[in-house]
Amino acid sequence: MRSRTAAATAVALSTAAFLLVPAAVPTATATAAAAAAENRPRISGHRGAAGYAPENTLPSFDKADALGIDWVETDVQRTRDGELVLLHDRDLRRTTNVESVFPSRADRPVGDFTAAELARLDAGSWMGARFAGTRIPTLGQTLDRLDRNGQSLLLEIKQPDLHPGIEGDILDVLARKGWLDGSHVDHRLTVMSFGTNAVRTIHRKRPELKTSVLVTARPSASALRGYAAYADQVNPDYRQVSGDFVAAVHALKGAHGKPLETVPWVVNTASAAREVAGWGADGMTSDLPDVAARALG
């Protein structure tokens, strides 16, 4: 009997001791890792995951999602009859079979085609037989897919001078699809363009939106100050970036009173990703976003 009592007492004491142990607290290593992750540049999939699937298509966004990439970048233009579609180039020759379907108009700009005509084009076979039949998505279809995937969007207004008034059309679609609510605006959407007038227009119409100016060459100090009046980011070709440029960007306040950011494009190697991160850039876009993400741990 005494042995049973002793055993029971030991179990009770052990249980009490277990219950009295405080909840586990993060170790210094875990805390450092969390801080590093918080400060790591955000990786965005360029045109989805353009190194693995046809750019600016639903399969490309799905591939980025499968790789664990939460942000994607894409390009929007407007058809002749007013539909917003995802295409990068001025014309359709590089990424569709337009030369077969509309041979006499193959060199015409995107805005010379109707939405129904673009829906006839194959936008995937150029990248492999497994993508045959992939279509050019509309902006609305893309927003639905990104919501389904839980992804966020860097939306580039492409060649706005060829599509007068496209800024208002984009805002209409974003509103109709629920992308101008607080959650999307605060955490999941940035609108950008090489066309500074387009960025200014978006900022004027919806000042709560985060905006970016895209640049091909390193801007001067005075140009940076000008961009900061209506943009939150200035995003150059990563080959134009250096530590002193990032510091100059961060020294300014952007349109929403926070430090101006920079998200260089398009970073496709591990070494370049580490270099850009070392300069303190806020993010980067990549055709191979998993490569960049692995390089940064």
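**View 1. Arg105 and the rings of Phe102 and Phe113.** In this predicted model, the charged end of Arg105 sits over the ring of Phe102, 5.3 Å from the ring centre. Arg105 also lies over the face of Phe113, here at 4.3 Å from the ring centre. For a charge to count as sitting over a ring, NZ of Lys or CZ of Arg has to be within 6 Å of the ring centre and within 35 degrees of the ring normal. A word on the model: it is predicted, so local features need pLDDT of at least 70 and side-chain atom pairs count only at pLDDT 80 or more, while totals for chains, interfaces and linings use all residues. Numbering starts from 1 along each chain as its sequence is written, and side-chain values use heavy atoms, with hydrogens and water left out.

**View 2. Phe194 meets Trp265.** The structure holds two aromatic pairs. One of them is Phe194 with Trp265, edge-to-face at 5.8 Å centre to centre and 85 degrees between the planes. Phe194 lies in the loop between E5 and helix H9 (196–205) and Trp265 in the loop between helix H11 (243–250) and helix H12 (270–278), so the pair ties together parts that are 71 residues apart in sequence. Rings of Phe, Tyr and Trp (its six-membered ring) pair if their centres lie within 6.5 Å; planes under 30 degrees apart are stacked, over 60 edge-to-face, and the rest tilted. Helices (H or I, at least four residues) and strands (E, at least two) are DSSP runs, numbered from the N terminus.

**View 3. The largest pocket.** Its volume is about 420 Å³. Of the 18 lining residues, Asp186, Lys210, Asp232, Lys258 and Glu261 are the closest to the centre. Helix H8 (182–187) and strand E5 (189–193) each supply at least two lining residues, and H8 gives the most, with three. A pocket is an open set of points on a 1 Å grid over the protein atoms alone, where a 1.4 Å probe fits, with protein on both sides within 12 Å along at least five of seven lines; lining residues have an atom within 4 Å of a point.

**View 4. The second largest pocket.** This one has a volume of about 250 Å³. Residues lining the second largest pocket include Arg40, Arg42, Trp71, Ser152 and Leu296.

**View 5. Ala66 in helix H3.** Ala66 belongs to helix H3 (residues 58–66). Ala66 is exposed, at 64% relative accessible area (exposed is over 50%, buried under 20%, partly exposed in between, with a 1.4 Å probe and protein chains only). Ala49 is 17 residues from Ala66 in sequence and 9.9 Å away in space, C-alpha to C-alpha.

Notes:
Points joined across faces, edges and corners; volume = space filled by probe spheres on them.
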